[in-house]
Amino acid sequence: MKKIIDTVLEKALVLLFLVMLFSVIWQVFSRFLLQSPSTTTDEISSFSLIWLGLLGAAYATGKRLHLAIDLIPSRIIAKKQLFYDGIIQIAVFVFGFLVMVIGGARLCWLTFVFEQKSATLEIPLGIIYLVIPLSGLLVCYYSLEILLQKRALKK
């Protein structure tokens, strides 16, 4: 299951990056060479960056490439590595669930209820914000998968 999710996520991230890249290239081309800037490319690149950042964070969580700050000396952690890894994964899960899934779903719901639309593309902002709970679900999945994998290695 993880391999399938990783593959789909990798392809989505590459596609989002290409969409953002081409929209920025078109914006520069139309502004400086055609002297008529495109009005939609700014929103396309902004929304692509939002999706790329949040889905990229979920992907990084799954690959264990997320930022880590070592506050506890490594000699202390070495004695109880599994315990500390478990605490970290539980904290990541709680953040992903409470902030991203629940908070993101609430944000999406509110933007759909109030029918907020983007200025240029006029698409519902709830669609753009759907990436928050989606990324949160992926972060939760990956953190549980890492936690269970560590537990299985312990046995």
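Analyst: Asp6 and Lys2 form a salt bridge, with their closest N and O atoms 2.9 Å apart. The term covers a side-chain nitrogen of Lys or Arg within 4 Å of a carboxyl oxygen of Asp or Glu. Both residues lie in helix H1, 4 residues apart, about one turn of the helix. Helices here are DSSP runs (H or I, at least four residues), numbered from the N terminus.

This is a predicted model, in which local features need pLDDT of at least 70, side-chain atom pairs count only at pLDDT 80 or more, and totals for chains, interfaces and linings use all residues. Residues are numbered from 1 along each chain as its sequence is written, and side-chain values use heavy atoms, leaving out hydrogens and water.

Lys63 sits in the loop between helix H2 (41–62) and helix H3 (74–79), while Asp6 is in helix H1, so the pair ties together parts that are 57 residues apart in sequence. Through shared partners, Lys2, Asp6 and Lys63 join into one network. The structure holds 2 salt bridges.

Asp6 counts as buried because its relative accessibility is 6%. Lys63, at 34%, counts as partly exposed. Buried means under 20% relative accessible area, exposed over 50%, and partly exposed in between (1.4 Å probe, protein chains only).

A core is a set of buried Ala, Val, Leu, Ile, Met, Phe, Trp, Tyr and Cys residues joined through side-chain atoms within 4.5 Å. The largest one has 16 residues; Leu9, Leu13, Leu52, Leu55, Leu138, Val139 and Tyr142 touch the most other members. H1, H2, helix H4 (81–113) and helix H6 (131–154) each supply at least two residues of this core. Leaving aside neighbours within four places in sequence, Leu55 is in contact (heavy atoms within 4.5 Å) with Leu9, Leu13, Leu16, Val131, Leu134, Ser135 and Leu138. Tyr142 is buried, with a relative accessible area of 0%.

Further along, helix H1 (residues 2–32) includes Phe32. Phe32 is exposed, with a relative accessible area of 57%. Trp26 and Phe29 also lie in helix H1, 3 residues apart, about one turn of the helix. Trp26 is partly exposed at 41% relative accessibility, and Phe29 is partly exposed at 34%.
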